[in-house]
Structures are given as structure tokens and as C-alpha cells.
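Please open the model in your viewer and keep the sequence panel at hand. The tour below moves from one selection to the next and says what is there.

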Amino acid sequence: MSNVNKQKIVASVPQQGFFGHPKGLFTLFFTEFWERFSYYGMRAILVFYMYYEVSKGGLGLDETTALAIMSIYGSLVYMSGIIGGWLADRIFGTSKAVFYGGILIMFGHIALAIPGNITMFFISMVLIVLGTGLLKPNVSSIVGDIYSEEDNRRDAGFSIFYMGINLGGFLAPLIVGTVGMKYNFHLGFGIAAVGMFLGLLVFIFTKKKNLGLAGTFVANPLSPAEKKKVFTLIGVGAALIAVLIAVAIPMDLLTFDTFIALVGILGIVIPAIYFIVMYRSPKTTAIERSRVIAYIPLFIASVMFWAIQEQGSTILANYADKRTQLDFAGIHISPAWFQSLNPLFIILFAPVFAWLWVKLGSRQPSIPKKFSLGLLFAGLSYIVILLPAYFGGDDSLVNPLWLVLSYLIVVFGELCLSPVGLSATTKLAPAAFSAQTMSLWFLSNAAAQAINAQIVKFYTPETEMIYFGVIGGAAILFGVLLFALSPKIEGYMKGVK
């Protein structure tokens with residue numbers, strides 16, 4: 001029996017066990033809820049852990065270096081999804097990928113929870129990057145597996161699943177952030193590890209009953225000969241990398257700066273290779289080639305948008321810590337709490353935007369115009385955050401509502417661009433590269449954070465207005481340009497609406 005037929009059998013009998021959806025959605029919802037709880041909880045306090053003094057429980061790294069590492073971390077997490085997707089498709093299936101990924105993530109958080117040194121920190125980074133690359137793309141794939149292609153509950157199921165992501169992301173900074181910032185960073189990381197452990201328990205004890213065969217089949221398995229060749233290449237590659245690192249570090253060839261530069265180059269080169277291969281492939285038709293051309297400005301717009309949005313956990317986190325009045329309305333605000341704003345606003349406003357597009361129907365903006373709106377909102381979010389320094393100077397503490405407003409505006413941009421980008425990717429992708437084009441979409445975030453690692457070094461309290469003004473102004477300018485070019489881009493999209 002072919003894998004395609006097996007997958008159809010998996011989803012052939014409609015189930016109604018979780019809000020009218022297959023029972024498997026319960027398993028995947030809470031697995032992803034706890035995974036995002038652990039990841040966003042860790043991320044809410046990580047940058048502070050890096051640059052706080054050792055006497056305050058931190059690592060005592062230079063502030064600029066900490067911000068750059070945070071960006072590189074995010075970039076590598078998105079890049080690793082390519083590896084995780086390939087391993088699931090060719091070697092052990094999506095279900096095992098989720099399980100192995102969860103274990104790696106949990107051990108990564110445990111490594112952070114153990115009071116140690118910079119070595120333990122980097123070990124945790126490697127574990128969490130690899131674990132998230134295995135778990136994140138593959139748990140979403142299993143959501144698709146539990147529905148048949150004809151099941152009209154599929155989109156609603158993904159919406160419920162997306163809600164789990166944002167609920168985990170909302171609660172984590174409030175809980176982990178409070179414990180980590182008020183009591184002890186390592187205790188906070190320990191709570192993140194417990195979160196991932198709970199996610200693994202949900203997955204292990206409910207998957208057989210709720211998921212059945214979903215995620216257990218390898219979509220495109222390697223033959224024994226191919227498997228031997230791949231494992232040999234992986235072993236040789238790992239040994240070669242280990243030797244290069246062992247040689248480069250003592251010679252001062254591999255430093256923070258050179259590693260950041262290397263990831264920055266990869267963040268741009270890998271997507272460029274993807275575009276060239278897809279465009280030149282004989283499997284790509286003339287119409288599909290035109291659509292690849294149309295996708296390029298959308299990809300660039302996405303990179304620019306995520307470059308601003310992802311600075312919410314770096315530059316704006318630092319701004320919350322150093323520039324914001326944290327004793328407000330009779331309560332003391334933890335700087336980590338601001339990381340809950342993005343998922344909170346998405347939970348509140350995603351239904352509003354979904355309703356708006358349905359209400360507008362054929363009158364709604366085209367895909368390129370929605371992308372341009374996303375960039376305009378992103379740029380405005382940075383213009384808003386420079387106003388307090390303009391009115392009150394760069395040495396006075398800022399009302400936290402300015403920061404709340406900035407996070408709110410960029411979420412409006414995210415709701416114009418992110419779900420639309422996912423949909424556009426599936427529509428514009430060449431048939432022979434459908435899965436890889438989705439990987440390319442996520443690489444726009446990796447590229448954005450790789451670029452961020454280079455530009456965050458220009459941020460200081462003294463350059464604050466120029467920093468926000470230049471980046472925000474550039475986003476608005478590109479948004480206007482994209483809006484003007486929209487009819488031309490739509491022509492290259494060859495009928496895709």
C-alpha cells in the first residue's frame with residue numbers, strides 16, 4: 001500500500017472529539033501549547049540573562065553581543081526547520097520527529113536551568129535549535145494529516161491549533177518572566193523545561209488513541225543504499241565541522257563576530273539558492289516561473305517586516321528593561337511581561353481581520369497590497385517608539401503605554417502579512433517545489449533575524465531616535481513602493497488572487 005493511500009486512510013473517518021474536530025487535535029494543540037510555553041518563556045528572559053551582571057545571576061555579556069546572539073538564535077531556529085522537515089520526510093516520519101524534538105528542547109532548557117557558564121549556555125542553544133527544527137514544522141504537518149483533503153473543518157482546525165500557539169506564547173512570559181526576573185533566571189528556565197516535559201507527556205500518552213497512524217509514515221523514505229550514504233555524509237560532515245571548530249577557536253578565527261557574520265551570509269545565500277534552483281528547474285513551467293518572479297518582492301517585504309517584528313524580543317526587550325517606567329499604576333511591571341503583548345493582540349485581533357477580509361470579499365486588497373500594509377504598520381510601530389525620546393529626551397523613563405502601542409501596531413502589520421504570506425506561498429509555489437517553497441517562506445524570518453544580528457549593534461540610547469527613524473522610515477518607504485508596484489506584481493502572479 002502506498003504512503004499516499006495510507007495517509008488517506010488515516011483521515012478517512014471523520015472524528016468529533018475536540019470542539020467538533022478529530023481527537024488528534026487535542027493532542028497536537030496541547031503539545032504545541034506547551035512547546036511554545038517553554039520556548040517563549042525561555043526567550044522572554046534569555047536576553048536579560050545574557051547581559052545582566054554575574055552578581056545579578058546573569059552571564060555578564062556585553063549588551064550589544066547579547067542582542068546579536070539573540071537574533072542569531074532566532075535565525076538558526078528557523079533555518080533548522082529545513083533539516084527537521086527533511087529528516088521527517090526521508091528517515092523517521094513526523095511523529096517521531098516531534099517526539100525527538102521535544103526531548104532535545106527539554107534537555108536544552110535543563111542545561112539553562114543548571115547554574116553554569118557560557119559553555120552550558122551554548123550547549124542549550126544547540127539543543128533547542130535542533131529540537132525546535134524537528135518539532136515545530138512537523139507538528140503542524142500532523143495537523144494536516146488528521147483531516148482528509150475534502151474535510152471542510154481543516155482551516156478551522158488550523159485556527160484552533162494557532163490559538164494554542166498564541167495561548168502558550170501569552171502565558172509563558174507572565175509566569176516564566178516573573179519567576180526568572182524576580183527570583184532566579186535558572187528557576188525560570190526550569191519552569192520552561194517542565195513546560196516541554198508536560199507537552200511530551202500529552203503527546204506520548206494520547207497519540208496512540210487520538211492520532212492513530214497520522215505522522216507514522218515516512219513520506220519519501222531513503223533506500224538502504226541512500227541511508228548508508230546519507231549517514232556517512234552526516235558523520236564525515238560532523239567530524240569535519242568539529243575539526244574546523246577545534247582549529248578555528250584557538251586561532252581566533254571563530255569568534256562571536258565571525259559566527260554572526262557567517263549566519264548572516266547563510267541567511268541571504270540559502271534563500272537566493274532556493275529561488276535560482278526553482279526558477280531554472282526544468283520541472284518549473286513558464287507560468288510557475290512568472291509566479292516565482294512575483295514571489296521575490298513579497299519575500300523581500302517579508303524579510304523587512306520580520307526584521308522589525310522580531311526586534312520585539314531584542315531591541316524592544318532592552319528598551320523595556322532600560323528605558324521604560326516599570327512602576328506604573330501602583331504595580332511593578334517585569335520587562336519580560338511585554339513579550340506577552342504580541343500573542344495577546346493576535347488572539348484578540350486575528351478574528352477581526354479574518355472577518356474583515358470575508359466582509360470585503362472581492363473588494364479586499366490584493367496580496368501585494370496586503371504586504372505593503374504590513375510594512376506600513378511595521379514602520380509606524382518604530383516611528384511611534386521614537387516619539388518619547390523626541391518629546392522627553394533619551395535620558396528620561398518612558399510611559400509603558402508607548403511600548404504597548406508599538407507592539408499593537410506591529411501586530412496589525414503581522415495580521416496583514418503573516419497568514420496572507422502562508423496562503424500566497426501555497427498558491428505561487430511551483431508544483432514540484434510546494435513543500436520547499438513553504439520552507440523558503442520560513443527562511444524569510446531566518447534571513448530577517450540574521451540581518452538583525454548585524455544591525456542591532458547600531459542601537460544605543462544615544463542613537464535611539466536615528467535607529468528607530470531610519471528602520472521605520474525605510475519600511476514605510478518600501479511599503480509605499482510595493483503598493484505602487486502591486487499591479488505589476490499581480491500581472492506576474494498569472495491569475496493568483
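**Stop one: N452**

Begin by selecting N452, which is found in helix α14, residues 434–455; helices here are DSSP runs of H or I with at least four residues, strands are E runs of at least two, and both are numbered from the N terminus. This is a predicted model, in which local features need pLDDT of at least 70 and side-chain atom pairs count only at pLDDT 80 or more, while totals for chains, interfaces and linings use all residues. Residues are numbered from 1 along each chain as its sequence is written, and side-chain values use heavy atoms, with hydrogens and water left out.

N452 is buried, with a relative accessible area of 1% (buried means under 20%, exposed over 50%, partly exposed in between, with a 1.4 Å probe and protein chains only). Now show what surrounds N452: leaving aside residues up to four places away in sequence, N452 touches S71, W306, A307, E310 and Q311, a contact being heavy atoms within 4.5 Å.

**Stop two: M196**

Next select M196 in helix α6, residues 185–211. M196 is buried as well, with a relative accessible area of 0%. Beyond residues up to four places away in sequence, M196 touches W34, E35, S38, G102, I105, M106 and L135.

**Stop three: helix α15**

Select residues 464–492, the 29 residues of α15, which reach 40 Å from first C-alpha to last, close to the 42 Å expected at 1.5 Å a residue (1.5 Å times one less than the number of residues). Follow α15 to S486, where a kink of about 55 degrees lies shortly before the proline P487; the bend is the angle between axes fitted to the seven residues ending there and the seven starting there. Colouring by accessibility picks out buried residues of α15, among them Y467, F468, I471, A475, L482 and S486. An α-helix has 3.6 residues a turn, so residues three or four places apart point the same way. After α15 comes K494, whose phi is positive, near 50 degrees.

Elements giving two or more residues to its lining are α3 (63–113), α4 (118–145), α7 (224–248) and α8 (256–280), and the largest share, nine residues, comes from α3.
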